[in-house]
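My entries follow in the order in which I looked things up.

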Amino acid sequence: MTSDEQSIRELIQTWLRASAENQLEVMLNLMHDDVIFLRQGMPPMRGKLHYAEAFKVNAGKFKIDATSDVQEIQVSGNFAYCLTYLQVNMTPITIGTSSIHMAGNVLSVLRKLDDGCWVIYRDANMLAPQK
């Protein structure tokens, strides 16, 4: 495994931990300023500010537990793509409401910054509700 591949795997694990711990600033640092997230049935989420606004709507309302199975990483210069299978369980903090289980494939395009750090540049999230 190359150092770039290892760095990308570490980025994914850091993202999962930050999601579970509601650490928005950590997550924002893992994104390119011009990040775009594609989600099923939703308009593209463009930029860190849009992500932060969406995150804050649900912050503290759910306990998030996610796992990611990295299936492929390809690096070419300062860009890479990563195919993962992501499973997310969102358990409401409020008693009496149901947990949400989502799973699916995610295709991420990553960009290597001048300082050598990888960040999420584009992300196509194909998560769907699971029973």
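**Entry 1: the core**

I began with the largest nonpolar core, which has 31 residues, and those with the most contacts inside it are Ile8, Trp15, Met31, Phe37, Tyr51 and Leu110. For my own use I noted that a nonpolar core is a set of buried Ala, Val, Leu, Ile, Met, Phe, Trp, Tyr and Cys residues joined through side-chain atoms within 4.5 Å, and that buried means under 20% relative accessible area, exposed over 50%, and partly exposed in between, with a 1.4 Å probe and protein chains only. I then looked up where this core comes from, and found that helix 1 (3-20) is among the elements that supply at least two residues each, as are helix 3 (47-58) and strand 5 (100-112). The largest share, 6 residues, comes from helix 1.

**Entry 2: what I am looking at**

I reminded myself that this is a predicted model, in which local features need pLDDT of at least 70 and side-chain atom pairs count only at pLDDT 80 or more, while totals for chains, interfaces and linings use all residues. Residues are numbered from 1 along each chain as its sequence is written, and side-chain values use heavy atoms, with hydrogens and water left out.

**Entry 3: the elements**

I listed 3 helices and 7 strands, where helices (H or I, at least four residues) and strands (E, at least two) are DSSP runs numbered from the N terminus. From the N terminus on, their order is α-α-β-β-α-β-β-β-β-β.

**Entry 4: helix 3 and Tyr51**

In helix 3, I found Gly47, Tyr51, Ala52 and Phe55 to be buried, and the buried residues of this helix pack against helix 1, helix 2, strand 1 and strand 2 (45-46). Which residues is Tyr51 in contact with, leaving aside its neighbours within four places in sequence? I wrote down Trp15, Leu24, Met27, Leu28, Met31, Phe37 and Met45, with contact meaning heavy atoms within 4.5 Å.

**Entry 5: two backbone angles**

Asn22 is found in the loop between helix 1 and helix 2, and although Asn22 is not a glycine, it has a positive phi of about 55°. I marked this down because most residues other than glycine have a negative phi. Asn22 is partly exposed, with a relative accessible area of 32%. Just after helix 3, I also noted that Gly60 takes a positive phi of about 80°.

**Entry 6: the whole chain**

Finally, I recorded that buried residues make up 35% of the 131 residues.
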